[in-house]
Amino acid sequence: MPTPAGTLYRGREGMWSWVAHRVTGVLIFFFLLVHVLDTALVRVSPEAYNAVIGTYQTPIMGLGEAGLVAAIVFHAFNGIRIVLVDFWAKGPRYHKVMLWVVVGLFVVTMAGFLPRHLMNVFGGGH
């Protein structure tokens, strides 16, 4: 099967969403791992915990938070789409339409979140 024009990957929309779902899942897993570890610091050394939390209050980490929210939002909406494809009899027939609904919901959700979040990160929201 030839590679579709303009892509390096052999699949189409469904395969790209498959890749994005796995990537976002791994990113969310690593965030949760770090979150559990840094929260556990409070029992070991409150000073170390405060130092770590202080590093999180930077613009770079604010952008990282935006990326985390984007990963969670996509993963959640796409997860619902996957459930519908797997358990709804007409799901496979409408998987492309549902992917575009996921993309639309993602864009609307992030458009509502990002302006306020970025104002807070860069000091304009006070």
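This is a predicted model: local features need pLDDT of at least 70, side-chain atom pairs count only at pLDDT 80 or more; totals for chains, interfaces and linings use all residues.
## The overall layout

In what order do the elements of the protein run from the N terminus on? They go α-α-α-α.

The protein has 126 residues, and buried ones make up 19% of them. The exposed surface comes to about 8,800 Å², with carbon and sulfur atoms supplying 74% of that area. As for how the chain meets itself, take the contacts between residues at least 6 apart in sequence: 57% of these join residues at least 24 apart.

Two packed helices are described by the angle between their axes and the distance between the axes.

Helix 1 covers residues 13-44, and helix 2 covers residues 46-55. Their axes cross at roughly 145 degrees and come within 6 Å. On the helix 1 side, the contact is made by Asp38, Thr39, Leu41, Val42 and Val44, and on the helix 2 side by Pro46, Ala48, Tyr49 and Val52. Sorted by class, that gives seven nonpolar residues, one polar and one charged.

Where does Asn50 sit? You'll find Asn50 in helix 2. Its relative accessibility is 51%, so Asn50 counts as exposed, the cut-off being over 50%. Asn50 can also be placed relative to Asp38: the two are twelve residues apart in sequence, and their C-alpha atoms are 9.8 Å apart in space.

## Helix 1 against helix 4

Helix 1 also meets helix 4. Here the axes come within 10 Å and cross at roughly 50 degrees, which means that helix 1 is oblique to helix 4. The crossing is left-handed.

Which residues make this contact? Helix 1 brings Glu13, Gly14 and Ser17, while helix 4 brings His95, Lys96, Leu99 and Trp100. By class, the contact of helix 1 with helix 4 has two nonpolar, three polar and two charged residues.

## Helix 3 against helix 4

Now for the other partner of helix 4. Helix 3 runs over residues 59-87 and helix 4 over residues 95-121. Their axes lie 9 Å apart, and the helices pack at an angle of about 160 degrees. How do the two helices run, roughly parallel or roughly antiparallel? Angles over 145 degrees count as roughly antiparallel, so that is the label for helix 3 and helix 4.

Helix 3 passes helix 4 in a right-handed crossing. The contact between them has 20 nonpolar residues, along with five polar and two charged ones.

Leu118 lies in helix 4. With a relative accessibility of 29%, Leu118 counts as partly exposed, because that label covers values between 20% and 50%. Leu118 is 52 residues from Ala66 along the chain, yet the C-alpha atoms of the two are separated by 8.2 Å.

Asn120 is in helix 4 as well. At 37% relative accessibility, Asn120 counts as partly exposed.

Note on methods
Residues are numbered from 1 along each chain as its sequence is written. Side-chain values use heavy atoms; hydrogens and water are left out. Axes are lines fitted to C-alpha atoms, for helices over the stretch in contact, and angles run from 0 to 180 degrees between N-to-C directions. Helices (H or I, at least four residues) and strands (E, at least two) are DSSP runs, numbered from the N terminus. Angles under 35 degrees count as roughly parallel, over 145 as roughly antiparallel, 65 to 115 as roughly perpendicular and the rest as oblique. A crossing is left-handed if the near helix is turned anticlockwise from the far one by less than a right angle, and right-handed if clockwise. Ala, Val, Leu, Ile, Met, Phe, Trp, Tyr, Cys and Pro count as nonpolar, Asp, Glu, Lys and Arg as charged, and the others, Gly among them, as polar. Buried means under 20% relative accessible area, exposed over 50%, partly exposed in between (1.4 Å probe, protein chains only). Contact means heavy atoms within 4.5 Å. Accessible areas come from the Shrake-Rupley method with a 1.4 Å probe; for residues, only the protein chains shown count as cover.
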